[in-house]
Amino acid sequence: MKIAVLPGDGIGTEIIAEAVRVLQALELPLELESAPVGGAAYEAHGHPLPEATLALAKAADAVLFGAVGDWKYDKLPRELRPEQAILGLRKQLGLFANFRPAICYEQLTHASSLKPELVAGLDILIIRELTGDIYFGQPRGRRVATDGNFPGAEEAYDTMRYSRPEIERIAHVAFQAARRRSKKVTSVDKSNVLETFQFWKDTVIEVHAQYPDVTLEHMYVDNAAMQLVKAPKAFDVVVTGNMFGDILSDEAAMLTGSIGMLPSASLDQHNKGLYEPSHGSAPDIAGKGVANPLATILSAAMMLRYSLNQAAQAERIESAVQAVLSAGLRTGDIWSEGTRRVGTREMGDAVVAALGGKGVTGLTRS
Ligand code: IPM
Ligand code: MG
């Protein structure tokens with residue numbers, strides 16, 4: 001099994017290093033090959049997604065991705081910015097289905113900014129369409145307006161669009177995921193205002209006819225943003241477009257205490273996937289050895305489950321993470337009174353030790 005490892009920028013290299021050590025500790029026949037991506041690739045090869053990196057990702061069975069981006073690239077032309085690497089990989093590999101679970105670990109209930117009773121036991125799955133919508137819709141650009149509120153003025157524009165097959169395939173993914181969970185899907189749209197999302201809603205309703213055992217509800221995105229902080233446990237599977245999914249998944253992530261805990265999977269039609277933490281490159285803490293590697297380690301577990309058919313190994317990693325949390329180890333983002341603050345490397349060490357059945361006793365309290 002060949003895995004392309006793309007660490008990227010900022011804390012990407014630090015967190016990927018820990019996930020790689022965890023994968024190696026499993027002693028599976030995995031071939032790991034890394035390549036530069038994002039700002040790092042721009043520095044080395046003049047492009048955020050060099051041909052060789054894309055070729056490696058295409059040839060691999062799965063991609064393990066760190067994070068890209070740094071403020072210092074904000075002035076580059078858009079096509080050379082680090083973000084284009086992840087957008088390009090999603091598009092070029094056809095990774096249209098993005099799974100972003102938001103799980104509140106029992107040990108971290110108190111790290112949430114919401115009242116513990118609102119988030120205890122939270123387990124929702126946001127399914128974000130990842131290769132369409134206003135993210136990729138053409139035309140886009142800058143021009144002189146010929147109509148609108150200020151004809152003759154300079155303006156910028158993007159295009160929100162979804163085709164029927166794009167909506168149908170993500171709806172199928174959501175209904176099938178719901179069948180493995182609580183059999184409830186909330187489709188989030190803005191059909192009260194946008195043509196694109198009226199079509200989205202109509203199409204999701206049509207696909208739903210094939211899943212009579214699954215309950216479907218519809219919610220406008222503004223209300224969904226509100227309900228997520230009011231009663232998050234009322235959700236199970238949430239399916240939505242690329243733009244709304246980007247926003248709601250950050251919101252859902254924070255309910256769990258830290259975005260540093262949340263993995264993600266981006267899958268194509270055949271379950272080939274790219275796995276990355278839901279968080280970004282955090283340039284403010286890069287190089288300090290304090291980033292939380294657990295989201296990336298849990299992304300590696302998702303990779304084993306979804307793309308490499310190794311569910312038992314995925315569970316081993318997930319149990320090891322639980323053991324480490326139960327032992328009281330915390331990176332700064334999830335630290336609270338009475339727990340032990342550790343760095344990126346020490347957290348990785350502890351997960352590796354827990355995998356080996358060595359337990360993590362003696363590490364509680366400082
Ligand atoms: C995410 C990120 C990306 C996105 C950026 C880095 C392009 O925010 O994965 O959610 O907007 O999709
Ligand atoms: Mg985002």
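I started at the ligand: an oxygen atom of ligand 1 sits 2.7 Å from an N or O atom in the side chain of Arg90. I call this a polar contact, meaning a pair of N or O atoms within 3.5 Å; within protein, one must be able to donate a hydrogen and the other to accept it, and residues adjacent in sequence count only if both atoms are side-chain atoms.

A note on conventions: this is a predicted model, where local features need pLDDT of at least 70 and side-chain atom pairs count only at pLDDT 80 or more, while totals for chains, interfaces and linings use all residues. Residues are numbered from 1 along each chain as its sequence is written, chains are lettered from A and ligands numbered from 1 in the order written, and side-chain values use heavy atoms, with hydrogens and water left out.

**Ligand 1, continued**

I found an oxygen atom of ligand 1 at 2.8 Å from an N or O atom in the Arg100 side chain, and one at 2.9 Å from an N or O atom in that of Asp246. Taken alone, ligand 1 exposes 320 Å², and the protein buries 74% of that (Shrake-Rupley areas, 1.4 Å probe; for residues, only the protein chains shown count as cover). The residues around the ligand (a heavy atom within 4 Å) are Glu83, Arg90, Arg100, Arg128, Tyr135 and Asp246.

**Cores**

Next I looked up the nonpolar cores, sets of buried Ala, Val, Leu, Ile, Met, Phe, Trp, Tyr and Cys residues joined through side-chain atoms within 4.5 Å. Buried means under 20% relative accessible area, exposed over 50%, partly exposed in between (1.4 Å probe, protein chains only). The largest core has 84 residues, and Leu64, Phe99, Ile127, Phe175, Val185 and Ile317 touch the most other members. Domain 1 (1–96 + 282–366) and domain 2 (97–267) both contribute, so this core lies between them; the domain bounds come from an automatic or database assignment. A second, separate core of 18 residues includes Leu56, Ala60, Val63 and Leu95.

**Ser112**

Where is Ser112? I found Ser112 in the loop between strand E4 (97–103) and helix H5 (116–119) (DSSP runs numbered from the N terminus; helices, H or I, have at least four residues and strands, E, at least two). Ser112 is buried, at 9% relative accessible area. Its side chain reaches the backbone nitrogen of Leu114 at 3.0 Å, and a polar atom of that side chain lies 2.8 Å from the backbone oxygen of Leu255.

**Thr339**

Thr339 belongs to the loop between strands E13 (329–330) and E14 (340–341). Thr339 counts as buried, at 15% relative accessibility.
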